[in-house]
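Please walk me through this protein structure in my viewer, one selection at a time. Tell me what to select next and what is there.

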Amino acid sequence: MSEKRVLLIIGGGIAAYKSLELIRLLTRADIGVRVILTAAGAQFVTPLSVSALSGEKAHGELFDLTEEAEMGHIELSRSADLVVVAPATADLMAKAAQGLASDLATTTLLATDKPVLMAPSMNVRMWLHPATQRNLTTLQSDGVTLVGPDDGAMACGEFGPGRMAEPSVILDAVLKALARDRSPGPLAGRKVLVTAGPTHEPIDPVRYIANRSSGKQGYAIAAELAVLGADVLLVSGPTDLAPPAGVRRVVVETARQMLAACQSALPVDVAVMVAAVADWRTQTAAEVKVKKTQGAATPILTLVENPDILATLSAPGPERPALVIGFAAETNDLKAHAAAKLARKGCDWIVANDVSGDVMGGADNAVSIITAGGIEDWPRQAKEAVARALALKIAQTLGPI
Ligand code: C5P
């Protein structure tokens, strides 16, 4: 995997807590993270949280002789492929625009020979102030790139531009900034379709049939495939999850919409069907809310079968993906049911998981991979780890382009 490194400068803003999540996302994407925590930043997040997440001590003081002996501040400024400032406060931006070097963070920004990405975060008035806008123009003409800020409600109660970009969006910007000299990854040039989440089948405008799928496993798989360089389209049912970095997402509601979105994505090299598609929908969804009327009979729902997306995509034909992977959520006789499903659906692999515990919505998953060649049992692990292992197995199976 890549040996890329980011030097993250955490400034003193309320959004600093989001930078902890950013460290986690960077680490998960196999990017090494070194952190400089400014004195103001340390008012919001602790050096201990930073070092626990990054696996390295948080750097803070410029005139710390122990630190200087371990790694000089000039060396630190050159130790990464990219310098990321998040949150980039009005103060940090002003100092960087002026070329001040009054602490370790600003000295690093002046001394570095690496590209700099800033994620501004400040009150809307501070952001819109001519001084900040002037500094912004200076920084941009000095070659600094920006991610965000977003529009929205602020911690200070005001509304407007100034919210720091979400960590997943910053990760995306980091990946793009690193992409120029990033090795292409074993799935570069491959198109992959992933479905995830539940589907919602309307009963009337306010009620629907669904299941407990959170979408976490499918989203993690889409994320890991993208990390390996694949061009990933995620067709997602309704979930609370943000789209993973570097993944295109289409959100649908019903099984029929999901099928249509998948078919219009063809041709693809690989299809990974993780969505928990509702097996049935109501024959006709009421156009207005079904009313509960005293004394009237309870409504009877007539259900009809939904299309089977996995079986449809697995059917032989010119557009059949080279590798089609289905999931099997079972509560008993896992392997027997999964093997039967492999044959019934016509797919190449089945990833079988036992959902009798808290897998749906939980953080961990224990899966078995059933192929024509046999069964592999994988240990119980985080859904991200399952996703990583599956993405690597897909890359190995497809081989180089
Ligand atoms: O038949 P069952 O729902 O157990 O099969 C699960 C597998 O089939 C999953 O990969 C799921 O995404 C896929 N599936 C589908 N369309 C359906 C039902 C299931 O793609 N209508």
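The tour below goes from salt bridges to strands and then to helix pairs.

This is a predicted model, in which local features need pLDDT of at least 70 and side-chain atom pairs count only at pLDDT 80 or more, while totals for chains, interfaces and linings use all residues. Residues are numbered from 1 along each chain as its sequence is written, and side-chain values use heavy atoms, with hydrogens and water left out.

**Stop 1: salt bridges**

Side chains of opposite charge can pair when their charged atoms come close. A salt bridge here is a side-chain nitrogen of Lys or Arg within 4 Å of a carboxyl oxygen of Asp or Glu. A search of the whole structure finds 19 salt bridges.

Select Glu384 and Arg28. They form a salt bridge, and their closest N and O atoms are 3.6 Å apart. Glu384 lies in helix H14 (residues 383-398) and Arg28 in helix H1 (residues 16-28), so the pair ties together parts that are 356 residues apart in sequence. Helices (H or I, at least four residues) and strands (E, at least two) are DSSP runs, numbered from the N terminus.

Are these two side chains buried or partly exposed? Glu384 has 30% relative accessibility and counts as partly exposed; Arg28, at 32%, also counts as partly exposed. The cut-offs are under 20% relative accessible area for buried, over 50% for exposed, and partly exposed in between (1.4 Å probe, protein chains only).

Next, select Asp30 and Arg388. This is a salt bridge with its closest N and O atoms 3.6 Å apart. Asp30 sits in the loop between H1 and strand S2 (32-37), and Arg388 is in helix H14, 358 residues away. Asp30 is partly exposed, at 27% relative accessibility.

Then select Asp348 and Arg320, a salt bridge whose closest N and O atoms are 3.1 Å apart. Asp348 is in the loop between helix H13 (334-345) and strand S17 (349-354), while Arg320 is in the loop between helix H12 (309-314) and strand S16 (323-330). Asp348 has a relative accessible area of 24% and Arg320 one of 23%.

Finally, select Arg5, Arg34 and Glu56, which a network of salt bridges links.

**Stop 2: strand S11**

Select residues 231-236, which make up strand S11; five of its six residues are buried. Two strands pair if DSSP finds at least two bridges between them. Which strands run parallel to S11? Strand S8 (residues 191-196) is joined to S11 by six bridges, and strand S12 (residues 248-251) by four. Thr195 has Val235 of S11 as its bridge partner, and Ser236 has Val251 of S12.

**Stop 3: two helix pairs**

Select H1 and helix H2 (residues 47-54). Their axes come within 9 Å and cross at roughly 15 degrees. Axes are lines fitted to C-alpha atoms, for helices over the stretch in contact, and angles run from 0 to 180 degrees between N-to-C directions. That angle makes H1 roughly parallel to H2. Angles under 35 degrees count as roughly parallel, over 145 as roughly antiparallel, 65 to 115 as roughly perpendicular and the rest as oblique.

Now select helix H5 (residues 90-98) and helix H8 (residues 130-141). They pack at an angle of about 50 degrees, with their axes 9 Å apart, and are therefore oblique to each other. Contact (heavy atoms within 4.5 Å) involves residues including Met93 and Ala97 of H5 and Asn135 and Leu139 of H8.
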